[in-house]
Amino acid sequence: MIIAANLKTNLTRKQTSKYVDEVERFLNANNISQEVLVFPAMSSLNPHAGKLTIGAQNAYPVLNGAYTGEIGLEHLEEFGIKTILIGHSERRHILGETQESITKKFDFYKNLGFRIVYCIGEPLEIRKAGEDELLKYLDTQYAGIDLNYENLVIAYEPVWAIGTGLTPTLNDIEVLHTKLKKKSKAPLLYGGSVKVTNAKDVLALKNVDGILVGSAALYAEHFCSMINYAQALNK
Ligand code: PEP
């Protein structure tokens with residue numbers, strides 16, 4: 001299974017190093033065989049050799065250049081980073097990334113062989129409009145994306161569940177994941193208010209291949225407990 005922590009705009013470089021060390025120690029001490037990904041803030045990136053993989057929350061699809069506020073491939077290479085999060089709802093809805101710009105980014109990092117965690121998810125009004133509308137909406141987020149890319153991981157994260165404490169029911173997650181699995185065989189993670197208290201149940205669902213965790217992953221101890229649940233299930 002794949003257990004991923006999106007640290008967003010949290011944890012300084014020093015705090016991130018401590019966090020990564022703590023998680024790495026846990027993985028080694030417990031012989032964890034699950035894939036563990038950590039996405040720190042840009043200024044907290046560091047080279048890392050170990051069981052866990054460090055990924056970038058974002059990067060511009062360019063080697064380098066005049067893109068104020070962005071980082072490019074050259075900056076990722078400096079830290080040996082080959083994993084990237086693309087299409088996260090905060091980048092779509094707060095930072096205004098369009099499907100077109102997301103597709104360009106996807107293609108650029110795909111052509112370099114990056115492991116891409118590609119996020120999709122609907123806002124509440126779409127969820128309320130029913131299943132057909134929901135699936136239609138998610139299809140628009142698949143537009144231009146190579147769903148057969150061998151290094152692709154998909155994260156289904158309902159926008160209304162991110163950071164809110166709300167989640168779809170376990171049955172709703174399972175039903176939707178089963179439908180999404182028909183569109184792509186890529187590992188499919190669930191994200192949106194996963195915590196120590198619900199992670200075990202979510203991970204146990206059919207067609208859930210892992211979780212992408214934000215707020216609850218900020219505590220290394222909590223993140224490690226979730227990794228432990230995945231290890232025990234070992235699906
Ligand atoms: C996320 O932002 O990817 C996420 C899942 O956040 P949270 O766990 O805080 O809902």
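Salt bridges and their surroundings

Reply: At a relative accessibility of 37%, Glu-131 counts as partly exposed, a class that lies between buried (under 20% relative accessible area) and exposed (over 50%), as judged with a 1.4 Å probe on protein chains only. This is a predicted model, in which local features need pLDDT of at least 70 and side-chain atom pairs count only at pLDDT 80 or more, while totals for chains, interfaces and linings use all residues. Residues are numbered from 1 along each chain as its sequence is written, and side-chain values use heavy atoms, with hydrogens and water left out.

Glu-131 meets the side chain of Lys-179 in a salt bridge, with an N to O distance of 2.8 Å; the term requires a side-chain nitrogen of Lys or Arg within 4 Å of a carboxyl oxygen of Asp or Glu. Because Glu-131 lies in helix 6 (residues 131–142) and Lys-179 in helix 7 (residues 170–183), the pair ties together parts that are 48 residues apart in sequence. Helices here are DSSP runs of H or I with at least four residues, strands are E runs of at least two, and numbering starts at the N terminus. Lys-179 is partly exposed, with a relative accessible area of 30%.

By the same rule the count comes to twelve salt bridges. One of them joins Glu-90 to Lys-8, with the closest N and O atoms 2.8 Å apart. This pair links distant parts of the chain, 82 residues apart: Glu-90 belongs to helix 3 (residues 89–93), whereas Lys-8 sits in the loop between strand 1 (2–6) and helix 1 (13–29). Glu-90 is partly exposed at 24% relative accessible area, while Lys-8, at 18%, is buried.

Leaving aside residues up to four places away in sequence, Arg-91 touches Gln-57, Asn-58, Glu-70, Gly-96, Glu-97 and Lys-105, contact meaning heavy atoms within 4.5 Å.

Turning to the nonpolar packing, the largest core has 65 residues, of which Tyr-19, Val-23, Tyr-118 and Phe-223 touch the most other members; a core is a set of buried Ala, Val, Leu, Ile, Met, Phe, Trp, Tyr and Cys residues joined through side-chain atoms within 4.5 Å. Helix 9 (residues 220–233) gives the most to this core, with six residues. A second, separate core of eleven residues includes Leu-37, Leu-85, Ala-155 and Leu-212.

Leu-212 leads on to strand 8 (residues 210–213), where Gly-210 and Leu-212 on one side and Ile-211 and Val-213 on the other are all buried. Strand 8 runs parallel to strand 1, to which four bridges join it, whereas pairing itself requires at least two DSSP bridges. The bridge partner of Ala-4 in strand 8 is Leu-212. Strand 7 (residues 188–191) also pairs with strand 8 in the parallel sense, over three bridges.
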